[in-house]
Amino acid sequence: MNINIIPRQKTRIFILFIYITLLLLANFFAFGQLMPPNGSKGLWFYSGFASILLGNLLVTPLYIKPVDAISYSVLALISLYLVNDLKNWEYIEKIIFYSVIVFFIFVILSSFIAILLKDSQKQVAQNISNTCKLLSEQFGNQRIIFSIVIIFALIFFHRDEPTELICITLAWVSTILLKPDLFFLYQIWKKINQIWFSDVSINSIGTVVAYQKPDIFLIHKNPSHDINFGTIIVVNDPFTSPRLGITLDYIGRDEALLLRCIELNVSSQKVKVLSDYCKFLTPNNVGIIDINKIFTENELKETIINDIADFVGIVAPETSLEILYFEVIQEKDLEEGKLVKVFIGENPVLYQIIDGLTKEEIIYKKNKFGFVRAKAKKIGVWDKSNKKFLSAKWLPKLNSPIYLQPHSKYKPLLESLGHFPSTNYSVCLKNIDDLVTHNTAILGILGIGKTMLAIELIERMIAKKIKVICLDLTNQYAQELSDFYEIEIEEERMKKIREAGEKDRDHYEENPEKGGSIPNLRDAIYRDLLEFLNTKNDELIKIYNPSELSATKQLYDPRSFRVGENWDRRASLWEVTPVEMTKIITECTLLISKNIMTDKARTCIVFEEAHSLIPEWGTVACEGDKAATNATARAILQGRKYGLGCLLITQRTANVTKTILNQCNTIFAMRTFDDTGKEFLSNYIGRDYASVLPTIPERHAVFFGKSSSCADPVLIRLNDQEEFRVKFRKKYPPPDLSEIYQKEEEINEEDFPLDNSDEKDIEDDIPF
């Protein structure tokens with residue numbers, strides 16, 4: 001686009017003095033004096049002076065408005081009226097005089113019509129207004145108006161004086177007729193034809209009053225126009241090329257509504273097309289434009305216009321590398337957990353909405369503007385081929401458009417644990433081994449889907465031949481995992497363990513460690529686990545309910561008591577708690593697992609209702625539970641190098657031993673209300689995600705850790721159990737339990753000695 005280059009103000013003033021000097025010199029050579037004569041002889045000089053003063057050197061350097069054309073024409077009419085001599089003029093002279101008067105009146109009327117119809121919403125009226133405006137600009141500019149006056153003066157007052165005629169003509173040509181256009185009339189006809197018969201048409205809706213860098217401008221809208229969100233407009237910028245924009249919202253009120261728009265990027269080829277539309281707009285004026293006449297369908301796909309239905313806001317200040325703040329323009333379908341997209345360079349980067357608040361600021365002339373500012377956490381760039389998110393290491397530009405990811409039906413993958421709400425972006429397990437060996441916790445209140453998630457994870461472990469030992473106080477796992485667990489056979493095995501716990505309940509020994517029935521129970525559990533964990537055994541799941549196991553323990557040495565005339569030696573026996581049962585099972589599992597060192601997951605212990613099985617010190621029921629919890633924790637921490645890990649499920653984060661919880665490298669944080677739990681989780685998932693935990697729906701969780709396919713915490717919608725099972729079991733069907741339980745293998749107990757001295761090794765291996 002050709003841009004008018006305007007000299008600076010000081011330069012224009014200097015040139016003005018040069019032109020005035022030329023007029024004075026011409027007057028000197030014509031009349032023998034510097035100062036112009038009065039009356040008709042001086043008309044040419046004052047017309048030339050007015051043309052220079054009001055022309056493209058000082059007052060209207062770029063364009064002429066209809067109101068300027070009216071001013072010039074009225075001034076010329078007055079000048080001619082003051083010097084007329086109709087009584088003495090001949091007939092031809094009168095015809096010329098009246099013709100000039102009619103021409104000036106035509107310019108005045110055209111200008112008035114252009115002004116009166118400029119705000120009309122009817123296309124015919126707009127065409128008439130644009131036509132009159134064009135005529136006003138072309139015939140009402142200062143060069144035409146005052147050149148006519150000077151020519152009139154030459155014909156009527158200087159034609160008989162050759163010196164005056166030559167000097168005034170030279171002054172007129174050199175000072176007023178700047179850049180003459182040989183195709184003047186042709187250009188006027190071409191533009192009029194373009195108004196009425198070309199597809200290029202435009203309606204002026206207002207004027208730009210302010211620019212908010214980058215890419216935002218405010219429009220002082222004409223009251224007669226109603227502009228909706230998403231209207232495409234063009235701005236006739238006098239200093240650069242035309243700007244294409246899209247309307248956002250109304251943000252204030254002065255004499256008229258302030259319409260806010262965001263600029264669209266336009267190629268240099270499209271700028272030339274926009275220039276044709278701007279021919280009928282004065283500088284800084286704004287018009288509505290038909291975008292389909294500028295862009296092809298494929299070109300539209302690369303612009304904001306193609307995604308306008310999903311446009312929800314613009315990037316706000318204080319956005320950082322990880323946190324996106326954006327001003328909400330449209331609140332349609334926005335909610336916590338949904339994804340929004342913004343371009344960083346050419347990459348579409350996804351963020352997850354985690355918070356929002358209201359803001360207020362002064363926009364223009366003390367007008368206050370209230371708006372909603374949303375907060376979102378960076379997720380990354382979606383890699384379609386690998387079905388995961390890649391990191392994006394920069395931040396978006398201020399005022400960049402924000403798009404809500406459209407709703408799409410979730411199609412679960414085999415590896416996916418869930419998806420981002422209302423999208424088909426899956427979140428997967430990166431590594432099932434890390435899930436087990438580096439320990440995992442599922443945290444949240446009652447009834448929000450913790451156990452269903454745990455059962456899904458267990459089924460995934462079973463599919464990878466990882467043996468699972470469930471410590472379940474709820475008796476729910478046996479029912480939910482019945483396809484992998486023969487309840488009747490396992491009940492027979494549990495009967496033997498319970499019988500062992502009943503044997504020698506009242507028996508005491510001089511060595512307290514051998515008193516009570518706990519040695520028998522421990523031996524029975526060890527043998528049961530020894531058979532289960534044998535690599536030749538195809539069984540993959542074992543379930544214990546610690547509250548249903550019973551045994552006694554001896555804490556102190558026996559004491560002598562006098563009974564009548566005789567003395568009796570006795571020791572007090574105590575009931576073993578579920579916490580101590582948990583310790584026995586965990587330690588036996590570790591002892592059996594210590595035969596092989598590996599970084600692959602072999603065994604996972606599931607602590608359902610973990611706050612009752614491995615409680616924090618401040619919540620234990622008895623002193624013995626403290627030592628038992630510590631022993632369980634030591635066994636879990638030591639187990640990683642033997643392929644042993646745990647899955648911890650609890651409603652009460654504050655009541656679970658932090659020795660184990662702090663070692664959980666994968667976290668599923670579900671709805672939580674207590675401040676202690678949120679404070680603890682904020683160290684893992686950050687305060688932003690921890691703050692949303694009280695409000696997240698059922699079957700949703702903040703997922704983060706070593707086994708996640710995402711590098712950062714994410715809020716996901718978990719799989720529905722039935723939908724998961726249908727897809728997952730097509731590839732990993734449940735085993736034939738009859739074949740598994742009928743298969744009997746000899747177990748050489750010498751390869752797995754039951755040596756209680758190994759308990760001390762557990763304590764010695766890990767410093768506390």
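This is a predicted model: local features need pLDDT of at least 70, side-chain atom pairs count only at pLDDT 80 or more; totals for chains, interfaces and linings use all residues.
## The chain as a whole

The protein chain has 768 residues, and 52% of them are buried. Its secondary structure consists of 23 helices and 27 strands.

Contacts across the sequence are worth a look too. Among contacts with a separation of 6 or more, 70% are between residues 24 or more positions apart. As for the surface, the accessible area of the protein chain is about 37,400 Å², and carbon and sulfur atoms account for 53% of that.

## The largest nonpolar core

The largest nonpolar core contains 104 residues. Within this core, the residues that touch the most other members are L457, I458, M461, Y477 and L647. Helix α15, spanning residues 518-533, is the top contributor, giving nine residues to the core.

## Two helices side by side

Helix α12 (residues 450-463) packs with helix α21 (residues 721-731), their axes being 11 Å apart and the angle about 10°. An angle under 35 degrees counts as roughly parallel, so α12 and α21 are roughly parallel to each other.

On the α12 side, the contact is made by M452, I455, E456, E459, R460 and A463. Helix α21 answers with Q721, F724, R725, F728 and R729.

## R243 at the head of strand β4

R243 sits in strand β4, which covers residues 243-253. Buried means under 20% relative accessible area, so R243, at 13%, counts as buried.

The side chain of R243 has a polar contact of 3.0 Å with the side chain of D237. Beyond four places in sequence, the residues that R243 touches are Y211, K213, I233, V234, V235, D237 and E263.

## Two phenylalanines in loops

F229 belongs to the loop between β2 (216-221) and β3 (232-235). With a relative accessibility of 28%, F229 counts as partly exposed. Not counting residues up to four places away in sequence, F229 touches T247, L248, I308, F311, I329 and Q330.

F295 is in the loop between β6 (285-288) and α10 (297-300). Its relative accessible area is 10%, so F295 is buried. Between F295 and V273, which are 22 residues apart along the chain, the C-alpha separation is 10.0 Å.

## Positive phi at two glutamates

If you like checking backbone torsions, here are two residues other than glycine with positive phi values: E318, near 75°, and E609, near 55°.

E318 lies in the loop between β7 (311-315) and β8 (323-328), and E609 in the loop between β23 (598-607) and α17 (610-613). Are these glutamates buried or exposed? E318 has 56% relative accessibility and therefore counts as exposed, whereas E609 is buried, with a relative accessible area of 16%.

Conventions: Residues are numbered from 1 along each chain as its sequence is written. Side-chain values use heavy atoms; hydrogens and water are left out. Helices (H or I, at least four residues) and strands (E, at least two) are DSSP runs, numbered from the N terminus. Buried means under 20% relative accessible area, exposed over 50%, partly exposed in between (1.4 Å probe, protein chains only). Contact means heavy atoms within 4.5 Å. Accessible areas come from the Shrake-Rupley method with a 1.4 Å probe; for residues, only the protein chains shown count as cover. A polar contact is a pair of N or O atoms within 3.5 Å; within protein, one must be able to donate a hydrogen and the other to accept it, and residues adjacent in sequence count only if both atoms are side-chain atoms. A nonpolar core is a set of buried Ala, Val, Leu, Ile, Met, Phe, Trp, Tyr and Cys residues joined through side-chain atoms within 4.5 Å. Axes are lines fitted to C-alpha atoms, for helices over the stretch in contact, and angles run from 0 to 180 degrees between N-to-C directions. Angles under 35 degrees count as roughly parallel, over 145 as roughly antiparallel, 65 to 115 as roughly perpendicular and the rest as oblique.
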